[in-house]
Amino acid sequence: MSSNSIELNIENKVAYIKLNRPDVFNSFNREMALSLQNVLDNCANDENVRAIVLTGNGKAFCAGQDLKEVTSPELNPGFRKILEEHYNPIIQKIRNIEKPIIAAVNGVAAGAGANIALACDIVVASELASFIQAFSKIGLIPDSGGTFFLPRLIGFQKASALMMLGDKVSALEALNMGMIYKIFPVGIFDEEVKSLAENLAQMPTKAIGLTKRLLNQSMTNNLEQQLALESDLQIEASSSYDYNEGVTAFVEKRKPEFKGN
């Protein structure tokens, strides 16, 4: 399945979503933003999808907003529409889909592209990838959840500096500061991403989705609220097929065969 700007391939219960505007470093225009939302919705509702990979075609992951769109009067939808109809829904879908989403950052991730990656559950990067909070370079403020996620990942002080200065952060620097999970060499990047995604797709998807819900709530809950939610969701998890399978497999000393429910 594909559109002009988004490619989707489902294999071994993994949905591989590729941003497909390589000639402009996969920068977003309205068509690509709305297409990505539709593909994310389809993946959320497809029982055959138990993990999602978001990556880019060509040399870049995503360079953020296509500035040609916002500087062309006949194309420019306006910043309110861009945020409220393009980027904000994408971030909300990434966080609300109760399936693991991997950002496989194959090249530069700048502006909204960087923050979309950081909103994903697991971020891995090619050794040649980089991350740039590019907004201040053109007189804008970070959007797409950047001011929410980045300080929580790397701390207030470091996030403040990166956002104000617009420094380019290498994959190794991003790893060392806790921004991302792992780096893979270019030659085996796709292979390692596939291995990670297929491993996640074989795990208990129900429990992973509930874990994601807990992590979302932990951003705003106090300890008492979080403990109560853990209790509720643990009861829900313990009623799943995968819990029974996991316990039975442990007792029988075999590998569990999770179904995702």
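Guide: A disulfide is taken here as a pair of cysteine sulfur atoms within 2.5 Å. By this rule the count comes to zero disulfides. The model is predicted, so local features need pLDDT of at least 70 and side-chain atom pairs count only at pLDDT 80 or more, while totals for chains, interfaces and linings use all residues. Residues are numbered from 1 along each chain as its sequence is written, and side-chain values use heavy atoms, with hydrogens and water left out.

For Cys 120, the closest cysteine sulfur belongs to Cys 62, at 11 Å, which is too far for a bond. Cys 120 is also buried, at 6% relative accessibility; buried means under 20% relative accessible area, exposed over 50%, and partly exposed in between, with a 1.4 Å probe and protein chains only. The closest cysteine sulfur to that of Cys 43 is in Cys 120, and at 12 Å this too is too far for a bond. Cys 43 has a relative accessible area of 1% and is buried.

Now the sheet. Strands are DSSP runs of E with at least two residues, numbered from the N terminus, and two of them pair if DSSP finds at least two bridges between them. Three strands form an open sheet in the order S5-S7-S8, with mixed pairing. S5 (108–110) and S8 (168–170) are the edge strands; each has a single partner strand, so one side of each has no neighbour in the sheet. From one strand to the next the twist averages 20°, with axes fitted as lines to C-alpha atoms and angles running from 0 to 180 degrees between N-to-C directions. S7 (residues 130–132) pairs with S8 in the antiparallel sense over three bridges. Phe 131 has Val 169 in S8 as its bridge partner.

Note on methods. Helix = DSSP H or I, 4+ residues; strand = E, 2+ residues; numbered from the N terminus.
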